[in-house]
Amino acid sequence: MKELIFIYNAKSGLVNSIIDAGHKLISPKTYQCSLCSLTYNNFGKKSKWSDFLNELKIKSKFLYEDQTIENEYFDNGNLPSIYLNIEGKYRLISSASDLNAHKNLDSLILSLRKKVEEFL
């Protein structure tokens, strides 16, 4: 099994989603999750991001910080992050610093496309 695992630097749940949306509107430069900021706008997931994920033809899983606490494979001090799971072996392919360096969604997509091709 091959799977991309996207871990947001945010907590799950409706209340947290509302707080995050407000934070992104009021003070986007201080928002802590660059993965969220790059892939979502105020109306939901960006269509370009959805299209890219569908093109990859690899399963994607999306987790929040509080959903990974007990999983020894993930470094919760390094969020957001993206892992590639190949047959139960987890490899960090984008750290928080990698994701924070992207200025736009196109840059993230280009980087992920290269990394996925490299590891698969």
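## Legends to the close-up views

**View A. Glutamate 87, at 59% relative accessibility, counts as exposed.** Here exposed means over 50% relative accessible area, buried under 20% and partly exposed in between, for a 1.4 Å probe and protein chains only. The model is predicted, so that local features need pLDDT of at least 70 and side-chain atom pairs count only at pLDDT 80 or more, while totals for chains, interfaces and linings use all residues. Residues are numbered from 1 along each chain as its sequence is written, and side-chain values use heavy atoms, with hydrogens and water left out. Glutamate 87 sits in the loop between E5 and strand E6 (89–94), where helices (H or I, at least four residues) and strands (E, at least two) are DSSP runs numbered from the N terminus. Its phi is near 50 degrees, a positive value in a residue other than glycine.

View B. Most residues other than glycine have a negative phi, and most peptide bonds are trans.

**View C. An open sheet is formed by four strands in the order E4-E1-E5-E6, with mixed pairing.** Strands pair if DSSP finds at least two bridges between them, and E4 and E6 are the edge strands, each pairing on one side only. From one strand to the next the twist averages 25 degrees, angles being taken from 0 to 180 degrees between N-to-C directions, with axes fitted to C-alpha atoms, for helices over the stretch in contact. E1 runs parallel to E4, to which six bridges join it, and tyrosine 8 has tyrosine 64 in E4 as its bridge partner. E1 and E5 run antiparallel, again joined by six bridges, and isoleucine 86 in E5 is the bridge partner of lysine 2.

**View D. The largest nonpolar core has 22 residues.** Such a core is a set of buried Ala, Val, Leu, Ile, Met, Phe, Trp, Tyr and Cys residues joined through side-chain atoms within 4.5 Å. Those with the most contacts inside this core are Leu4, Phe6, Leu35, Trp49, Ile82, Leu108 and Leu112. H5 contributes the largest share, five residues. Leucine 35 is in contact (heavy atoms within 4.5 Å) with residues including Phe6, Pro80, Ile82 and Leu108, its neighbours within four places in sequence being left aside.

**View E. H3 and H5 pack at an angle of about 10 degrees, with their axes 11 Å apart.** The two helices are therefore roughly parallel to each other, a term that applies to angles under 35 degrees. Among the residues that meet are Trp49 and Phe52 in H3 and Leu108, Ile109 and Leu112 in H5.

How values were computed
Parallel < 35°, antiparallel > 145°, perpendicular 65-115°, else oblique.
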